[in-house]
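Please look through the sequence and the model below before reading on.

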Amino acid sequence: MTEESMGTWAAGPFDNDVAADWCDDLDEASPEERPALVEQALQETVDETAHLDAVPATEAVAAAAVVAAHLPGGPSIESSYAPDFLTSGGRLTLPGHLPALALRALDRVLADDSELAELWAESGELDEFLAALAPIRAVLAPRADAVPGAERITGWTW
């Protein structure tokens, strides 16, 4: 997508105005509030039964990238638009059910009735968007069912 469409400059999970704003909100939240903000972004997208607007979908993509980065083998967060506390080595303690929720949110973002998927398709750059999501999905998928009873995700340990 071009910068004119939703303030997007690349296909990465943090490379647009909406995700950058969400990351700023995450940075400004207290450490105790941050896990709930990540979960809220994912849950809002999963719960949407009507046409999914681009804004919550974009926030869910950023949240899924945050969850994936906390998993063993997850993609590192290096974007200058990502949450500053994460790019400087900070970590979150996340509920163990978030990998499965994040995967469901990404599936919802890519569904037929998703404005974000439609925008990427209309731009002719859907393949770039899918390629940006691939490493996130790759680390979430095995974890979605592999950790029954896990209580928390803290850094790289379970």
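## A serine in a loop

Ser 79 lies in the loop between helix 3 and helix 4, where helices (H or I, at least four residues) and strands (E, at least two) are DSSP runs, numbered from the N terminus. At 17% relative accessibility, Ser 79 counts as buried, since buried means under 20% relative accessible area, exposed over 50%, and partly exposed in between, with a 1.4 Å probe and protein chains only. If we leave out residues up to four places away in sequence, Ser 79 touches Phe 14, Asp 15 and Thr 87, a contact being heavy atoms within 4.5 Å. With Asp 15, the side chain of Ser 79 also makes a polar contact of 3.5 Å. Such a polar contact is a pair of N or O atoms within 3.5 Å; within protein, one must be able to donate a hydrogen and the other to accept it, and residues adjacent in sequence count only if both atoms are side-chain atoms.

## How the model was read

This is a predicted model, in which local features need pLDDT of at least 70 and side-chain atom pairs count only at pLDDT 80 or more, while totals for chains, interfaces and linings use all residues. Residues are numbered from 1 along each chain as its sequence is written, and side-chain values use heavy atoms, with hydrogens and water left out.

## Helix 1 and its cap

At the N-terminal end of helix 1 sits a cap, Asn 16, with a side-chain oxygen that lies 3.2 Å from the backbone nitrogen of Val 18.

The buried residues of helix 1 are Val 18, Ala 19, Ala 20, Trp 22, Cys 23, Leu 26 and Asp 27, and what covers them includes helix 2, helix 3 and helix 4. For Trp 22, leaving aside neighbours within four places in sequence, the contacts are Leu 37, Val 38, Ala 41, Glu 59, Ala 62, Ala 63 and Val 66.

## Helix 2 and its buried side

Helix 2 has 14 residues and reaches 20 Å from its first C-alpha to its last, close to the 20 Å expected at 1.5 Å a residue. Buried in helix 2 are Arg 34, Pro 35, Val 38, Ala 41, Leu 42, Thr 45 and Val 46. Because they cover an arc of only 135° around the axis, they are on the same side of helix 2, the arc being that of the directions from the helix axis to the C-beta atoms. An α-helix has 3.6 residues a turn, so residues three or four places apart point the same way. The cover over the buried residues of helix 2 includes helix 1, helix 3, helix 4, strand 1 (93-95) and helix 5.

## The nonpolar core

The largest nonpolar core has 45 residues, and those with the most contacts inside it are Trp 22, Val 38, Leu 42 and Leu 140. Helix 3 gives the most to this core, with 12 residues. By definition, a nonpolar core is a set of buried Ala, Val, Leu, Ile, Met, Phe, Trp, Tyr and Cys residues joined through side-chain atoms within 4.5 Å.

## Two salt bridges

How many salt bridges does a search of the whole structure find? There are two, a salt bridge being a side-chain nitrogen of Lys or Arg within 4 Å of a carboxyl oxygen of Asp or Glu. In one of them, Asp 107 pairs with Arg 137, the closest N and O atoms being 2.7 Å apart. Asp 107 lies in helix 5 and Arg 137 in helix 7, so the pair ties together parts that are 30 residues apart in sequence. Asp 107 is partly exposed at 39% relative accessibility, and Arg 137 is partly exposed as well, with a relative accessible area of 27%.

Asp 113 forms a salt bridge with Arg 108, where the closest N and O atoms are 2.8 Å apart. Not counting residues up to four places away in sequence, Arg 108 touches Thr 45, Glu 48, Thr 49, Ala 50, His 51, Leu 52, Asp 113 and Ser 114.

How values were computed. The expected span of a helix is 1.5 Å times one less than its number of residues.
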